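Hi everyone, thanks for coming. Have a look at the model on the screen, and then I'll walk you through it.

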Amino acid sequence: MEFSEYPISAFLTALASKEATPGGGGASALTAALGAALGGMVGNLTVGKEKYKSVEADMYCLMNETAQLQKALTALIQKDADGFAPLAAAYKMDKDDPNYDAVMEQCLRDAAAAPMEVLRLSCRMIELHSTYAKKGSALAVSDAATGAVLCWAAMYGAAVNVVVNTRLMKDRDYARRMNAEVDKLMNKYRKLAENTYESVYQQLKKEKKQ
């Protein structure tokens, strides 16, 4: 059974265990998938309402992409585990083995691939939540904000799971390119997530006072 098919309690037990997988990368993928699911919730609470008729077409487009992101992020829970397993085995190789460096390099690239994709998709989902917060039902604006910060957390988790692998790569040009993409995405989208959350938070506080 893949990790994405585990009951919640079983997944948490596996995550808390001493086993190498699931780990931070898989947890980040799950967190982003939860964030995406909240986007779907906002959309479903918006469409079909006369009050939001003017944004209904936009909302359906958002919901379609959100469903695809949720599916992809869910699949990355297992892909992260599959990517790390060969690296765990490579660490046990004899360092005098003539194939050691080549095997280790490939395993490090494979282990970094899934969290890198989690990072990219989390950032895209943050963009969608920014729109959900602006156009979605007022009844679900807090869910858009929650989804944004879940993807924000996933972004941070995914980033550190990329750089934990790039730091050991012999091909420093490749590692620097990956690190540069991580930095670029982090710098842009953490601000967008924070702004989306803060905008909703302040809006709700203001409305409560009235």
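So, how do the residues of the lining of the largest pocket divide into nonpolar, polar and charged? They come out as twelve nonpolar, two polar and no charged. For the classes, Ala, Val, Leu, Ile, Met, Phe, Trp, Tyr, Cys and Pro count as nonpolar, Asp, Glu, Lys and Arg as charged, and the others, Gly among them, as polar.

Before I go on, some ground rules: this is a predicted model, where local features need pLDDT of at least 70 and side-chain atom pairs count only at pLDDT 80 or more, while totals for chains, interfaces and linings use all residues. Numbering starts from 1 along each chain as its sequence is written, and side-chain values use heavy atoms, with hydrogens and water left out.

Now the overall picture. The protein has six helices and zero strands; helices (H or I, at least four residues) and strands (E, at least two) are DSSP runs, numbered from the N terminus. The C-alpha trace spans about 70 × 35 × 30 Å along its principal axes.

Take H3, with its 35 residues. From first C-alpha to last it reaches 51 Å, close to the 51 Å expected at 1.5 Å a residue, and that expected span is 1.5 Å times one less than the number of residues. H3 also bends by about 30 degrees at Ile77, the bend being the angle between axes fitted to the seven residues ending there and the seven starting there.

Back to the pockets. A pocket is an open set of points on a 1 Å grid over the protein atoms alone, where a 1.4 Å probe fits, with protein on both sides within 12 Å along at least five of seven lines; lining residues have an atom within 4 Å of a point. The largest pocket holds about 250 Å³ of space. It has 14 lining residues, and the closest to its centre are Tyr6, Ile8, Phe11, Leu30 and Leu34. Helices H1 (8–16), H2 (24–46) and H3 (56–90) each supply at least two lining residues.

The second largest pocket is about 200 Å³. Its lining has eight nonpolar, five polar and two charged residues.

Last stop: Cys123, in helix H4. Is Cys123 buried or exposed? It counts as buried because its relative accessibility is 1%, and buried means under 20% relative accessible area, exposed over 50%, partly exposed in between (1.4 Å probe, protein chains only). Setting aside neighbours within four places in sequence, Cys123 is in contact (heavy atoms within 4.5 Å) with Met155, Leu185 and Tyr189.

How values were computed
Points joined across faces, edges and corners; volume = space filled by probe spheres on them.
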